[in-house]
There are 2 protein chains.
Amino acid sequence: MDEGFASYNDVGMNGSMKMMDFLEEAAPGVGTYEDFNTIDWVREKSRDRDRHREIASKSKESMCALLRSVSDAFSGWLLMLLIGLMAGALAGLIDISAHWMTDLKEGVCLIGFWFNREHCCWISSDTTYEDRNNCSEWRSWSQLVIGQTEGAFPYIFNYFIYVLWAVMFSLLAVSLVRWFAPYACGSGIPEIKTILSGFIIRGYLGKWTLIIKTVTLVLAVSSGLSLGKEGPLVHVACCCGNILCHLFTKYRKNEAKRREVLSAAAAAGVSVAFGAPIGGVLFSLEEVSYYFPLKTLWRSFFAALVAAFTLRSINPFGNSRLVLFYVEFHTPWHLLELIPFILLGMFGGLWGAFFIRANIAWCRRRKTTKLGKYPVLEVLLVTAITAVLAFPNEYTRISTSELISELFNDCGPLDESKLCDYVTVTNATNSTNENQILDKSVGPGVYTAMWQLFLALILKVFITVFTFGMKVPSGLFIPSMAVGAIVGRLLGVGIELLAYYNRDWSIFKDWCSQGTDCITPGLYAMVGAAACLGGVTRMTVSLVVIMFELTGGLEYIVPLMAAAMTSKWVADAIGREGIYDAHIRLNGYPFLEAKEEFSHKTLAMDVMRPRRNDPVLAVLIQDSMTVEQVEAIIAETPYSGYPVVVSQASQRLIGFVLRRDLVISIERARKKQDGVVSASSIYFTEHSPSLPPTSPPSLKLRSIMDLSPFTVTDQTPMEIVVDIFRKLGLRQCLVTHNARLLGIITKKDVLKHIAQMANQDPDSILFN
Amino acid sequence: MDEGFASYNDVGMNGSMKMMDFLEEAAPGVGTYEDFNTIDWVREKSRDRDRHREIASKSKESMCALLRSVSDAFSGWLLMLLIGLMAGALAGLIDISAHWMTDLKEGVCLIGFWFNREHCCWISSDTTYEDRNNCSEWRSWSQLVIGQTEGAFPYIFNYFIYVLWAVMFSLLAVSLVRWFAPYACGSGIPEIKTILSGFIIRGYLGKWTLIIKTVTLVLAVSSGLSLGKEGPLVHVACCCGNILCHLFTKYRKNEAKRREVLSAAAAAGVSVAFGAPIGGVLFSLEEVSYYFPLKTLWRSFFAALVAAFTLRSINPFGNSRLVLFYVEFHTPWHLLELIPFILLGMFGGLWGAFFIRANIAWCRRRKTTKLGKYPVLEVLLVTAITAVLAFPNEYTRISTSELISELFNDCGPLDESKLCDYVTVTNATNSTNENQILDKSVGPGVYTAMWQLFLALILKVFITVFTFGMKVPSGLFIPSMAVGAIVGRLLGVGIELLAYYNRDWSIFKDWCSQGTDCITPGLYAMVGAAACLGGVTRMTVSLVVIMFELTGGLEYIVPLMAAAMTSKWVADAIGREGIYDAHIRLNGYPFLEAKEEFSHKTLAMDVMRPRRNDPVLAVLIQDSMTVEQVEAIIAETPYSGYPVVVSQASQRLIGFVLRRDLVISIERARKKQDGVVSASSIYFTEHSPSLPPTSPPSLKLRSIMDLSPFTVTDQTPMEIVVDIFRKLGLRQCLVTHNARLLGIITKKDVLKHIAQMANQDPDSILFN
């Protein structure tokens, strides 16, 4: 639990001998960060360049150093390869286990209990392909225990066992999370976004989180809760990335470089979640990452590809596809169908906005009321309710990704699913010999399926609101997609019926003259899924590309794009934030959104501290303060850093010192450096000031001072200040007027100001 | 010719009444840029935000203003739609015309001279599909004029006509370029990169350039020169974008917003060039764009899709594909094949590096010697040589994209091409009834084709070096791909033969047991093409995605990626610059590369001006200078801007004034404002300084002063300064020491410093 990011400190200790090469006089701990703090991107990148220069200049000296330089250059690629392999392998493991455990709720395989239903029937091979879910070797629990399959009692028995397994799985999951890795809950994407933007949460990407999240994710998915494994897979991949970083000094020691790796790992995570390497890279670029140089783009792509190929070679679904719901459509779409697609987009937007509001309200309630004190009970209750309501309906009994797969499916002539229950009749009017056109009318199975799907929709819509945010790993890609897919399929079948019964309408005449094959309800399901996912997450390009990679046809991009665009516009009109940003704000993380432009006409002087009536800014004078005075300032003020000026009167800025570095350096000097006492003077200048000969030895702290602090004038518009913070990744910026130091703006001040201007509570920003 | 970017100035004049709302007291011309100058991104973005705020605040007042606000918000999408439509339509026009004119060199259609050969034969429909290039209605020139087809004389006659047409086309092309639009030559991508980074080249994207480039591109492609239309299509699309910007005030008046549109237009250009919308967006992101906010990503994608669909509905190739060389492969690749793929990557890298060196050396020669004085003669000579050498070889006689299409082709059983001349024999050892395995041996046609391809390779390799950079529109995607495709196909056939004759080798045993179908020479051609294109342009992700969109199979990404990666590494080891960057440097454009990290340990004080022995920095004093004094400073110094300080003694910085704004304001005040004479005092403070009552009226210029100039300390490492310039898009930055103004660093200084540190000639940076 104290692994992962935590070890930065230890490394600082152990690696201090090496670090001495680069940062002269650096005390151990100088240049590291505390937990729940923001890194300084500029400093981290500078450190990496120093390190790089060091290696490059040494490489000319000896063969060994040259080899080290080459291996250093290639370590990034090696790391990507390892991340891809590990993420792909873990994803395969999770897929296979979840598949098996989901089936375990309903029955067991006689050949070996470790086979899932499909595999079991495939091995026993006494059935045809279509019948693959009903074979003699697979026994439902009632069959196995009480030897009956038909009738009310076996049904109730199976029902009971189903709920029991579900509750057991979720109990195990929530207990593991609670005891071993509290960070393993949720989807993890809001936190990863925050970490990538430069925040430090130690242990969030550590090995315990990885192990527990992997195990509990399988349990949570298998328990039948309305959640998906896609979001948590991103977290798992990022954990892999972070852990593998420890193998390479370059990435272990540098927070900025490590975040490059994590961006690539996130891409690998999405790549295996959806079988979409390009979509994964774009997701990382669009949604998750903060600092994404082009070098990272190429490496992310490599990691995403390796991960996808690893998963493919594991072949968890036995169809040599990476996801359960890969689809191929055969019928082109008609231009008029854009109207239902846009309607689906509007539904997606509305649902997204509703979901975000309801979920955030519920999560806030959980945070502020007694409810949050009983996470285990909450999980058990929700699981029990879900299982009890889900079992009677065959579309909720199966796993959500199987449901999506069935909804996306383009009905073929051999499909036995109820959704494909079409009655084929020879069309009498057209029965010429040459072109025997068959007509398909909708059978009773489709009507039953419609009702069941409608009930499934209502269950999913409500239960997901309560599920997302519980103390188990939970993603919401899959539930959102399921909601959209159900609505899409319903609409698709509706339009199909409309076209079938009104074939003489002019719009259907030339389009649907040859039976009902003109409309593909599976495509509607897919478009609906994209719309709902877009409404919840506000993804755009990455969403369309992920869906494109699922279908593989450029042709279907236009419907997907129309739906995604409408969905985003509708949802944005109701509330600007996507679900991840809403959760970031709920948790008070210091995340500076790169997408939103700051549009208010305030100036730096309105934001900086000290405010008008505050005491003046605490500054250090470059050459006339004693250790005691400095310590007094540190004790009196809570600031994380202090500007250094030439003199109190001139307020000419010369540098900036971080509190942490200052405290560590003074402590160390008092211990190690002879004669440094409270009366010793501290100086930040190049040469020591002339002191009376009786004074104690003075302490030079120039090395810990940042000689190039960022400054803006008090007249600088805040939009420019926000831009600077965002693009350069600053922690703080000093404010001057006519070149006199006036105040300071920290990242927290910027975030608070943005919250205030958006009429939100500025005190919701908790961390610095 | 003076259109496009040029009209910024005129707009400033005509639109000054409106601008008065936003920038109080702004004289006409203040806030505009001169030709061959760099824009200030921060200022442009601020102006756009001001405009946006204005509209947003007004929108609450009336219904009309609300409508204007909504239409303003949607104008970006409308613009993208228009760009997509226009780019797609132009690409279709170019494709169709070039196809027709290329065929015109060999013959004419009797049904109508405006049909190309394929279309002609398709209409006459007296032939089967395979024979579509030889039908009775299509007459070669010898057939038509002298009534003979066989024998030496008709061959020579056709040869002569072929060369004649080629020379005529290129003469027309070069003349049009020379007389009407000199900016229409070349590929345009280096200039577009520079323009997108914030440089102004008036007329480069104007309507004359568009018209002439479109026409001459068709002529140049048809003339048979070794060039492609893909790069110029990006230029054409950008011209469309720039011209359509004039329809919307928001984009017409703001250089930063306009560049967002141009980025999207570039994506649309690549989208139609390769039929790859996602690849186009990534190309724009990776290769061309400088400022690419996420909003642009989504819009670019939209524009790219619209363009692709427009082109598809035009269907220029009659195969409902967007490109001539769309491919589908059927055989999977073997892991061992990665070795030849990596070899192809190495070849691509070597060729790329060789090409860049040779081409740049030749272009430099053209610039510096007499050669550059005779562009028409040069073009005619190169065309004549190309045509004379190309005609006898059927692989060079056809257009380069047809050649690529043939090389990529996966031989089917019905293919009649020489490359597919396989002799099918029944394999006696395996002739069981159940599984009749056919064996294919290589026929004589393949050997002939190999020789011809080898000769074609030599021609392409050398002639392309001289072609790229001539005064006709010329892209090098297609020639590079052709070189790679030839080498790839040769290697592929070689390996196929190796496998065929050594089927008992252990590596081929289980892999190639069933005939030679185990190796797809077309895939080798594709990998080779990707490798060579990668070596020349140093594209990475976008290259792989473009190729992925050409094949549509995720399976072939790994070979492509392996080749692209090897190619980039090999090429980068020889020379860091891609062809576009090399041409940017050759032309001395001020382009600050975003990909390369600046890695030298210099400080801001090493780069700033004035240097140690220079005269002191020219500054303005905030309230104690007269018009005369200021005019003297302007006359004496060539700087494009002046810092304003509190007093000469303190050197406390308060702002920065641009030379252009200062000149315009003083001129205007002298004309319009009563009593402003040479002795009038100028002040930049909020309130006028107290002056003796006899003094002439003073001139307040605070409104043209930038109150928030960027400053860094003299100790700031240059790597951070470069980062700031790059990320914020600065034109200049002031340097201070202990808060006293010391000097200034302009973008030109930064570029010169980078050139110097890279041991290049710093004086090659020509513009500011």
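**Close-up views of a two-chain model**

Buried residues make up 61% of the 768 residues in chain A. The model shown in these views is predicted.

**View 1. Overall build of chain A.** The secondary structure of chain A consists of 30 helices and 13 strands. Among the contacts in chain A with a separation of 6 or more, 73% are between residues 24 or more positions apart.

**View 2. The largest nonpolar core and residue B:F301.** This core has 414 residues. The residues with the most contacts inside it are A:F301, A:F408, A:I745, B:F301, B:F408 and B:I745. Helix α20 of chain A (residues 477-501) gives the most to this core, with 13 residues. Leaving aside residues up to four places away in sequence, B:F301 touches A:V541, A:V544, A:V545 and A:M561 in chain A, along with B:I278 and B:V281 in chain B. Another core, of 33 residues, lies apart from the largest one and includes A:F684, A:L699, A:I704 and A:I744.

**View 3. The interface of chain B and chain A.** Contact is made between 67 residues of chain B and 67 residues of chain A. The area buried between the two chains is about 6400 Å², and carbon and sulfur atoms give 69% of that area. B:R49, B:W298 and B:R652 supply 12% of the area that chain B buries against chain A, more than any other three residues.

**View 4. Polar and charged pairs across the interface.** The interface of chain B and chain A holds 8 salt bridges. In one of them B:D50 pairs with A:K601, with the closest N and O atoms 3.2 Å apart. Between chain B and chain A, 17 residue pairs are in polar contact. On the side of chain B that touches chain A, helix α14 (residues 294-314) gives the most, with 8 residues. The residues of that side divide into 38 nonpolar, 12 polar and 17 charged.

**View 5. The surroundings of B:E287.** B:E287 is placed in helix α13 of chain B (residues 277-288). With a relative accessible area of 3%, B:E287 is under the 20% limit and therefore counts as buried. Not counting residues up to four places away in sequence, B:E287 touches B:K193, B:L282, B:T537, B:R538, B:M539, B:Y580 and B:K595.

**View 6. The salt bridge of A:R51 and A:D72.** Over all chains, the whole structure contains 59 salt bridges. A:R51 forms one with A:D72, and their closest N and O atoms are 3.2 Å apart. The pair links helix α3 (residues 41-58), which holds A:R51, to helix α4 (residues 63-104), which holds A:D72, both of chain A. A:R51 counts as buried at 14% relative accessibility, and A:D72 is buried at 10%.

**View 7. The salt bridge of A:D749 and A:R609.** The closest N and O atoms of this pair are 3.2 Å apart. A:D749 lies in helix α30 (residues 747-757) and A:R609 in the loop between α26 (604-607) and β5 (620-621) of chain A, so the bridge ties together parts 140 residues apart in sequence. A:D749 is buried, with a relative accessible area of 7%, whereas A:R609 is partly exposed at 31%.

**View 8. The salt bridge of B:R43 and B:D661.** Here the closest N and O atoms are 3.5 Å apart. B:R43 belongs to helix α3 (residues 41-58) and B:D661 to helix α28 (residues 659-672) of chain B, so the pair ties together parts that are 618 residues apart in sequence. B:R43 counts as partly exposed at 21% relative accessibility, while B:D661 counts as buried at 4%.

Note on methods. Residues numbered from 1 in each chain as written. Chains lettered and ligands numbered in written order. Predicted model: local features only at pLDDT ≥ 70, side-chain atom pairs only at ≥ 80, totals over all residues. Heavy atoms only, no water. Core = buried A, V, L, I, M, F, W, Y, C linked by side-chain atoms within 4.5 Å. Buried < 20%, exposed > 50% of the residue type's maximum accessible area, 1.4 Å probe, protein only. Helix = DSSP H or I, 4+ residues; strand = E, 2+ residues; numbered from the N terminus. Contact = heavy atoms within 4.5 Å. Buried area = accessible area lost by both parts, 1.4 Å probe. Salt bridge = Lys/Arg side-chain N within 4 Å of Asp/Glu carboxyl O. Polar contact = N/O pair within 3.5 Å; in protein donor to acceptor, adjacent residues only side chain to side chain. Nonpolar A, V, L, I, M, F, W, Y, C, P; charged D, E, K, R; others polar.
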